[in-house]
Amino acid sequence: MPRQRLYVDTFPAEKFFLRFDYIFDMFHLKKLDFTFVRLYALYMNYIIGIEQIPYICVADPYFMHEGFLAVCAEHREYARDYIVDFMVANKDKETILVPYHPM
């Protein structure tokens, strides 16, 4: 966890709590809030780092958010470049997760 301003770096920073409606929506396969999707991807990257899992990686879903991609051509180019760099950097991984969040 980065030890900088605006980051929590003490217990219980490795835990986050979900409201019941988030859990209900997950079990009923309803669309989740984008913030939760991004938080979960961050958590998965944290676990991958702690457990030192060498064969899986998770992309930052911020760049695959429909709202980000719909703004302008520069954003789509930035997302494309991010995906290319991410795929090249992780070409040795067996599993690559790239979350996409429609509006």
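Predicted model: local features only at pLDDT ≥ 70, side-chain atom pairs only at ≥ 80, totals over all residues.
Biologist: Which elements make up the protein, and in what pattern?
Modeller: The protein has four helices and two strands. Along the sequence they follow the pattern α-α-β-α-α-β.

Biologist: What share of the protein counts as buried?
Modeller: Buried means under 20% relative accessible area, exposed over 50%, and partly exposed in between, with a 1.4 Å probe and protein chains only. Of the 103 residues, the buried share is 20%.

Biologist: How many aromatic pairs are there, and what is the angle between the planes of Y40 and Y43?
Modeller: Rings of Phe, Tyr and Trp (its six-membered ring) pair if their centres lie within 6.5 Å; planes under 30 degrees apart are stacked, over 60 edge-to-face, and the rest tilted. By this rule there are three aromatic pairs. Y40 and Y43 form a tilted one, with centres 6.1 Å apart and planes at 40°.

Biologist: What is the relative accessibility of Y40 and of Y43?
Modeller: Both tyrosines fall in the partly exposed class. Y40 has 38%, and Y43 has 31%.

Biologist: What is the centre-to-centre distance in the Y82 and F86 pair?
Modeller: Y82 and F86 form a stacked pair, with 25° between the planes. They lie four residues apart in helix α4, about one turn of the helix. F86 is buried, because its relative accessible area is 12%. The ring centres of Y82 and F86 are separated by 5.9 Å.

Biologist: Which residues make the nonpolar surface patch, and what is its area?
Modeller: Patches take residues with over 30% relative accessible area and no salt bridge; like charges are joined within 9 Å, nonpolar side chains (Val, Leu, Ile, Met, Phe, Trp, Tyr) within 5 Å. I50 is found in helix α2, and its 53% relative accessibility is why I50 counts as exposed. Y40, Y43, Y46 and I50 make the patch, with an area of about 380 Å².

Biologist: Which residues does Y78 touch, not counting those up to four places away in sequence?
Modeller: Y78 lies in helix α4 (residues 73-89) and is partly exposed, because its relative accessibility is 48%. Contact means heavy atoms within 4.5 Å. The C-alpha atoms of Y78 and F63, 15 residues apart along the chain, are separated by 8.1 Å. The residues Y78 touches are F63 and F68.

Biologist: Which residues form the one salt bridge?
Modeller: A salt bridge is a side-chain nitrogen of Lys or Arg within 4 Å of a carboxyl oxygen of Asp or Glu. The whole structure has one.

Biologist: Which side chain of opposite charge is nearest to D25?
Modeller: Lys and Arg count as positive, Asp and Glu as negative; His and the chain ends are not counted. D25 is found in helix α1 (residues 20-27). D25 is buried yet has no salt bridge. At 4.5 Å, the nearest oppositely charged side chain is K30.

Biologist: Is N90 buried or exposed?
Modeller: N90 sits in the loop between α4 and β2 (95-97). Beyond four places in sequence, N90 touches C57 and I96. Its relative accessibility is 12%, so N90 counts as buried.

Biologist: What is the phi of L29?
Modeller: Most residues other than glycine have a negative phi. L29 is found in the loop between α1 and α2, and is exposed because its relative accessible area is 77%. L29 is not a glycine, yet its phi is positive, about 55°.

Key: Residues numbered from 1 in each chain as written. Heavy atoms only, no water. Areas by Shrake-Rupley, 256 points an atom, 1.4 Å probe, with all protein chains shown as cover.
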